[in-house]
Amino acid sequence: MKAILLVATGMMFVAGVDAAPSTQVAWTPATLDFVEKGDAGRGKALSAPCAGCHDGTGTNPSLSGQLPTYLYRQMQDYKNGNRQDPTTIMNTMASALRDQDMADLAAWYGQQAPMRGAGGASDATGIAGRGEGRRMEPPCSSCHGGAGQGEKVDTPRLAGQSAAYLEATLLAYKSGQRANDIYSRMRLIAAKLSDAEIRQLADYYSRLK
Ligand code: HEC
Ligand code: HEC
């Protein structure tokens, strides 16, 4: 599948942000088609070594019901080193996966019932639904959807995700440790949030059903 590894997104220069390409995955029609045709049956078998960790507790993200395109790109980014897991576990896990394995795993997880929060969500910062004009923060919902359901092509679902994981990964965008978001979209947004707001937003999205 040669079409996948086109270096596409690279050269957008943003002040203060590393100009290295954030990902090697280009969403060409061929790549989208390849991910869409992932074999969920094969993905299920391949997911056995992943299950012990990916239960959505603590800082282990749930993958259930997540967008396959998003999952596929994260696996490629771990393999290429564009996304660095601080524990390096995911970089090691992904290094053993071929393109077809990643598409199959993404198809399997994408078909699972999505994670659901416990309810009682409150958008205490107002930023999730309204954004904040003064800091030029767009509403999170403008990309992640009004119910945190995620959007095509690869904006992830947040609803019901582990709060500890959401907080940790937002802090990683803020510090620049996680740097595989195309055009620094999430880094620029997270950099303007206080740690307290990050905690509140993580709590809000984790509670959505
Ligand atoms: C030892 C525990 C462990 C195992 C085994 C493991 N993972 Fe992970 N995985 C993690 C952790 C922890 C993270 C978050 C890392 C980070 O912050 O970058 C993660 C992140 C991910 C992500 C990104 C999720 C997101 O929302 O961005 C994907 C996709 C993923 N893993 C897929 C897999 C697959 C597929 C397997 C099996 C082949 C697997 N993982 C095995 C612990 C594990
Ligand atoms: C301009 C569109 C856009 C806006 C606005 C936006 N996001 Fe994102 N977000 C994205 C995209 C695209 C990704 C995936 C980027 C990547 O690959 O790292 C993402 C990733 C994330 C992740 C990582 C999820 C995971 O499973 O690892 C979190 C958490 C997140 N966003 C939270 C937020 C919050 C909270 C806000 C509001 C303060 C917000 N986002 C606003 C587009 C957006």
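Contact means heavy atoms within 4.5 Å. The model is predicted: local features need pLDDT of at least 70, side-chain atom pairs count only at pLDDT 80 or more, and totals for chains, interfaces and linings use all residues. Residues are numbered from 1 along each chain as its sequence is written, chains are lettered from A and ligands numbered from 1 in the order in which they are written, and side-chain values use heavy atoms, without hydrogens and water.

View 1. Gln74 sits in helix α4; helices are DSSP runs (H or I, at least four residues), numbered from the N terminus. Gln74 has a relative accessible area of 5%, so it is buried (under 20%; exposed is over 50%, partly exposed in between; 1.4 Å probe, protein chains only). Setting aside neighbours within four places in sequence, Gln74 is in contact with Arg83, Arg178 and Asn180. Its side chain also makes a polar contact with the side chain of Asn180, at 3.0 Å. A polar contact is a pair of N or O atoms within 3.5 Å; within protein, one must be able to donate a hydrogen and the other to accept it, and residues adjacent in sequence count only if both atoms are side-chain atoms.

**View 2. The annotated binding site.** An unreviewed UniProt entry annotates Cys50, Cys53, His54 and Met90 as "binding site". They span 41 residues in sequence, yet no two of their C-alpha atoms are more than 11.3 Å apart, so they gather at one spot. UniProt positions follow the numbering used here, feature names are shortened, and annotations may be inferred rather than shown by experiment.

View 3. Cys50 belongs to helix α3, residues 48–51. Its relative accessibility is 16%, so Cys50 counts as buried. Beyond four places in sequence, Cys50 touches Leu105 and Tyr109. Met90 belongs to helix α5, residues 89–95. Met90 is partly exposed, at 21% relative accessible area. Leaving aside neighbours within four places in sequence, Met90 is in contact with His54, Tyr78 and Asp85.

**View 4. The shell around ligand 1.** Of the 20 residues around ligand 1, Cys50, Cys53, His54, Tyr70 and Met90 come nearest (near: a heavy atom within 4 Å). Helices α3, α4 (68–80) and α5 each supply at least two shell residues. The largest share, 5 residues, comes from α4.

**View 5. Polar atoms facing ligand 1.** A polar side-chain atom of His54 lies 2.7 Å from a nitrogen atom of ligand 1. An N or O atom in the side chain of Tyr78 is 2.7 Å from an oxygen atom of ligand 1. For the side chain of Tyr165, an N or O atom is 3.1 Å from an oxygen atom of ligand 1.
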